[in-house]
Amino acid sequence: MQCKIQKTRINGFTLIEVLLVIAILAILSAITIIAINPAKQLATARDNHRSADVYAILNAVHQYAIDHDGALPGGITTDNLEICMTYSSTCDSTYLYDLSDLTSNQKYLVELPIDPKCMTTSGGCAENSTGYFINKTEGGRITVAAPSAEVTELISVTR
């Protein structure tokens, strides 16, 4: 008499199959992260923020000049100096332009924009400065610049 042995099959995945799927997913996610390059994306976003800030400052200065018969706020000259922070109590006029006229009564700006680099804990900006520079060219045009741009060399607008 022969005894039949019945084999029962358990449905499921083997350890090798699971490890293989995990390895494939890890490789695909690594390729995706490298293709997206989040560091460059964040740097581009910060540069776009700087560009918007530069335009906001320049527009506020021009609106102020229009309202005050061509007079510029803070005595802007041909010296290329940083702009002082809105809430700073001390703006050394030797190193910083005080453009608080733009933020008084929040008519032109609520507060002066601050470069994203200056907002980090490591800083990188001079004390009480916004990280943005402003000057008047020899021809009387106003230039606002963000020299700490990350993707491009310099963000600068002259009008």
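Select Arg50 and Glu150 to begin: their side chains meet in a salt bridge with 3.1 Å from N to O, a salt bridge being a side-chain nitrogen of Lys or Arg within 4 Å of a carboxyl oxygen of Asp or Glu. Arg50 lies in helix α2 and Glu150 in the loop between β4 and β5, so this pair ties together parts that are 100 residues apart in sequence. Helices (H or I, at least four residues) and strands (E, at least two) are DSSP runs, numbered from the N terminus.

The model on screen is predicted: local features need pLDDT of at least 70, side-chain atom pairs count only at pLDDT 80 or more, and totals for chains, interfaces and linings use all residues. Residues are numbered from 1 along each chain as its sequence is written, and side-chain values use heavy atoms, with hydrogens and water left out.

**The charged network**

Asp115 lies in the loop between β2 (96-97) and β3, and Arg50 in helix α2, so the pair ties together parts that are 65 residues apart in sequence. Are these two partners buried or exposed? Asp115 is buried, with a relative accessible area of 0%, and Arg50 is buried as well, at 1%. Here buried means under 20% relative accessible area, exposed over 50%, and partly exposed in between (1.4 Å probe, protein chains only).

Glu150 counts as partly exposed at 37% relative accessibility, and Arg46 is partly exposed at 31%.

To show the whole network, select Arg46, Asp47, Arg50, Asp115 and Glu150, which are joined by salt bridges that share partners. The count for the protein comes to five salt bridges.

**The nonpolar core**

Now select Leu99, Leu102 and Ile134. Of the 23 residues in the largest nonpolar core, these three touch the most other members. Such a core is a set of buried Ala, Val, Leu, Ile, Met, Phe, Trp, Tyr and Cys residues joined through side-chain atoms within 4.5 Å. The elements that give two or more residues to this core are α2 (38-67), β1 (81-84), β3 (129-136), β4 (142-146) and β5 (155-158). Helix α2 supplies the largest share, six residues.

Centre the view on Ile134 and display its contacts (heavy atoms within 4.5 Å). Leaving aside residues up to four places away in sequence, the residues that Ile134 touches include Val61, Ile76, Leu81, Ile83, Tyr97, Leu99, Ile142 and Val144.

**Helix α1 and the whole chain**

Move to helix α1 (residues 15-36). This helix has 22 residues and reaches 32 Å from its first C-alpha to its last, close to the 32 Å expected at 1.5 Å a residue; the expected span is 1.5 Å times one less than the number of residues. Asn37 follows α1 and has a positive phi, near 55°.

Finally, zoom out. The protein comes to two helices and five strands, in the pattern α-α-β-β-β-β-β along the sequence. Its C-alpha atoms fill a box of roughly 115 × 30 × 25 Å, taken along the principal axes. Buried residues make up 30% of the 159 residues.
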